[in-house]
Structures are given as C-alpha cells and as structure tokens.
Amino acid sequence: MNSADNSADHPRLLVLIERFHQIDAGMRDLPIYNPKVSIEAVGFRPFSGDALLGVMITPWFMNLTLLPVVPVPMDMAAIGKTVLVELPAGQRTFAINGDAVTGLYKAHSLYSPMATFTLPGQAAAEACRILALLMAPETVEPEAANRSGASSLDRRALLFRRRHA
C-alpha cells in the first residue's frame, strides 16, 4: 500500500482494504478478474478536511475513491447515485458505493475491467500517474493553444473524458 502521507494506516482505509479482500474470494471465478493485479490502496491523503482521497485497486477495477474519515451509515437509497466532486484538475463524477461494513463512500471509475495490467506494479504505477494528474491544478494556456492551432482541450480533458468501463 502506497501513501502520500500517514493516511495509509488510517483505520477507515484499513477497513476498506480488508473489505475488498473479503469480496475478492467471490470474484475470482468471474471473467473480469485479473489474478495479476493485487488489492492496493494508492496515494490516499486527506481531502476537504473530512475525507481521504486515493486510488483503490482490485483485480476487477481501479477507482479514485473518496472515503469519509467518519463512517457514513449504509443507506441503500443512496447507492448508485452520482455526485460531482471538485478536484484540482476539475470536476469528476463519483458514484456512491458502500455496504454495512465500510459505510458509504464515493468512487470514480478509472479502469474496469483490469485486463490491460499484466506486469507487477503496473496498476499501481498507473494509479500514481492518474492521481498526480488529477491533483495538479488544471492549466489552460489559451494563447499557446491559439498560436499552435490546437484545440482548447488540454491533455487531462482528453485523458479523463474517455471511459474504461
């Protein structure tokens, strides 16, 4: 498990990781399961004063995850609803997920399934790369784009507007 600070051993994150290890046993026979990928929490750090933000990697998905520091009780009516979250690189749509063990949290899909990851550490490296892009303020240089004749979309917009689901 990688971390930007001491959030890696935060009790809430440890509960989430353990829960995915429990779910893992029931996923192994599904075609979306990639046995070359391990369950990892990458780059979790404090976000907005009341949550931890990082990337959860499992053999079946990679999600940018916003985990409340104080558990939010399970609410089946909330599961699947979407919310916009403002990140330094711009807004992203997160789906509300959770269960009775983890409580509610928000997830933004980065990859699903995980078939493209075949080497050890490859998924974690990609998670670090994406997290760095999302946590860097969006920069728009209209003068440079106009001089080159390029579109006003920056590389983050091109990268994150495509879906892997």
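User: Which residues of helix H2 are buried?

Analyst: In this predicted model, the buried residues of H2 are Ala 123, Ala 124, Glu 126, Ala 127, Ile 130, Leu 131, Leu 133 and Leu 134. Buried stands for under 20% relative accessible area. As for the spacing, an α-helix has 3.6 residues a turn, so residues three or four places apart point the same way.

User: What does H2 lie across?

Analyst: H2 lies across E1, E2, E3, E4, E5 and E6, and runs at about 20° to E1.

User: How do you know that the span of H2 is close to the expected one?

Analyst: H2 covers residues 122–135, which is 14 residues. The expected span is 1.5 Å times one less than the number of residues, and for H2 that comes to 20 Å.

User: What makes E4 and E5 a pair of strands?

Analyst: Pairing requires at least two bridges. Strand E4, residues 82–87, and strand E5, residues 90–99, have six bridges in the antiparallel sense, so they count as paired. One of the bridges joins Leu 87 to Gly 90 in E5. The two strands form a hairpin, with two residues between them.

User: How do you know that E5 also pairs with E6?

Analyst: The cut-off is again at least two bridges. E5 and E6 (residues 103–111) have five, in the antiparallel sense, and therefore pair. Ala 95 stands opposite Ala 107 in E6. Here too there is a hairpin, with three residues between the strands.

User: Why are E1 and E4 called edge strands?

Analyst: The six strands form an open sheet in the order E1-E2-E3-E6-E5-E4, with antiparallel pairing. E1 and E4 each pair on one side only, and are the edge strands of this sheet. Neighbouring strands are turned by 35° against each other on average, direction ignored.

User: Why is Ser 48 called exposed?

Analyst: Exposed stands for over 50% relative accessible area. Ser 48 has 59% relative accessibility, so it counts as exposed. Ser 48 is in the loop between E1 (40–47) and E2 (51–57).

User: What is the phi of Ser 48?

Analyst: The phi of Ser 48 is near 60°, a positive value in a residue other than glycine. Most residues other than glycine have a negative phi.

User: Why is the peptide bond from Ser 112 to Pro 113 called cis?

Analyst: The omega of this bond is near 0°, and the bond is cis. Most peptide bonds are trans. Pro 113 is in the loop between E6 and H2.

Key
Residues numbered from 1 in each chain as written. Predicted model: local features only at pLDDT ≥ 70, side-chain atom pairs only at ≥ 80, totals over all residues. Heavy atoms only, no water. Helix = DSSP H or I, 4+ residues; strand = E, 2+ residues; numbered from the N terminus. Buried < 20%, exposed > 50% of the residue type's maximum accessible area, 1.4 Å probe, protein only. Axes fitted to C-alpha atoms, helices over the stretch in contact; angles between N-to-C directions. Contact = heavy atoms within 4.5 Å.
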